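Let's take a walk through a protein model together. Keep the picture in view and follow along as each part is named.

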Amino acid sequence: MKIREFTRPPGRAFHLEKVDAGSTGKWKDKQKGLAQLAENQAKLFSLQNRLYASGAHGLLVVLQAMDGGGKDGTIRSALGAFSPQGVAVTSFKVPTPEELSHDFLWRVHKVAPPKGMVAIFNRSHYEDVLVVRVRALVPEAVWRPRYDHINHFEKALAEGGTRIVKIYLHISPEEQAERLKDRQQDPDEHWKFNPGDLEERKRWPDYMAAYEEALTRCNTGWAPWYAVPADHKWYRNLVVSEILIHELESLNLQFPAPIDGIEKFKISKISWP
Ligand code: ADP
């Protein structure tokens, strides 16, 4: 799989109407895709081990999507490959009064990953140029400069040793309708049904415009954006796992050198009980 097809060179625009949400790329066989995903998960686990052991980098995975876009499923499946000990997931909700009394990056910086760890953002600081823009929660003069603030912030994280990978899960409005219907009809999913999502859905074109600008303006050499076709969950998981493998492998993570004379240590016999 060519990872490049899901991103753009910095400076080039993302046109989301040209990203086929229903694509499965060259993968026509779901069973083969699932087998490859299982292999990828094993690889991710091993790469995470090296990330932790070498302690030189953190990994920040930003997940954004429309409602029903599959952020939770992606965390469970593709990102579920990681050992929970080395992962912290943060779900960004409507800011609390305390959060709102600070700058918009305050709540974000606090949960950026330390070296050796993986941080997953389920929504993120991008909400401050997405929902905030679409619903005009602050004036344009406040949200527009945020693209630059975000780029500077992410650059500081990257230069401090954080590998940043930003993934937008792209579903079609038709697929969203199906998923919202499931939530409405399946008793096990009723808890996920939120009438507010129907209001956001009506603003689909505005959200797409906001996503396009965020992805285009904040797609930098130090923090790339990927737009992943997400109507097919198995393909979405496969692509996300490939992106993460690509990003982690490019860090060339090495285990630290063993202590001197490691082979000479005697592990004593214990007679017990
Ligand atoms: P999710 O939809 O991610 O599973 P919720 O249903 O709790 O979780 O939705 C979280 C809500 O918080 C979303 O509607 C999102 O737009 C909103 N939100 C997140 N960050 C912000 C922000 N900075 N300003 C306003 N709303 C935000």
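We will go from the sheet to the helices, then to the core and a single serine.

First, a word on the model: it is predicted, so local features need pLDDT of at least 70 and side-chain atom pairs count only at pLDDT 80 or more, while totals for chains, interfaces and linings use all residues. Residues are numbered from 1 along each chain as its sequence is written, and side-chain values use heavy atoms, leaving out hydrogens and water.

Start with the sheet. Five strands form an open sheet with parallel pairing, in the order β2-β3-β1-β4-β5. Helices (H or I, at least four residues) and strands (E, at least two) are DSSP runs, numbered from the N terminus, and two strands pair if DSSP finds at least two bridges between them. At the edges you will find β2 (87-91) and β5 (225-229), each pairing on one side only. From one strand to the next, the twist averages 20°. Look at β2 and β3 (residues 118-122): five bridges join them in the parallel sense, and V89 stands opposite I120 in β3.

Contact means heavy atoms within 4.5 Å. Helix α11 lies across β1, β4 and β5, running at about 155° to β5.

Two packed helices are described by the angle between their axes and the distance between the axes. Helices α9 (residues 195-202) and α10 (residues 204-217) pack at about 70°, with axes 5 Å apart. They are therefore roughly perpendicular to each other (65 to 115 degrees). At their meeting place, E200, R201 and K202 in α9 meet W204, P205 and Y207 in α10.

What about the interior? The largest nonpolar core has 71 residues; such a core is a set of buried Ala, Val, Leu, Ile, Met, Phe, Trp, Tyr and Cys residues joined through side-chain atoms within 4.5 Å. Helix α11 (residues 233-249) gives the most to this core, with eight residues.

Finally, find S172 in the loop between β4 (162-170) and α8 (173-185). Is S172 buried or exposed? With a relative accessible area of 14%, S172 is buried (under 20%, using a 1.4 Å probe and protein chains only).

Terms used
Buried < 20%, exposed > 50% of the residue type's maximum accessible area, 1.4 Å probe, protein only. Axes fitted to C-alpha atoms, helices over the stretch in contact; angles between N-to-C directions. Parallel < 35°, antiparallel > 145°, perpendicular 65-115°, else oblique.
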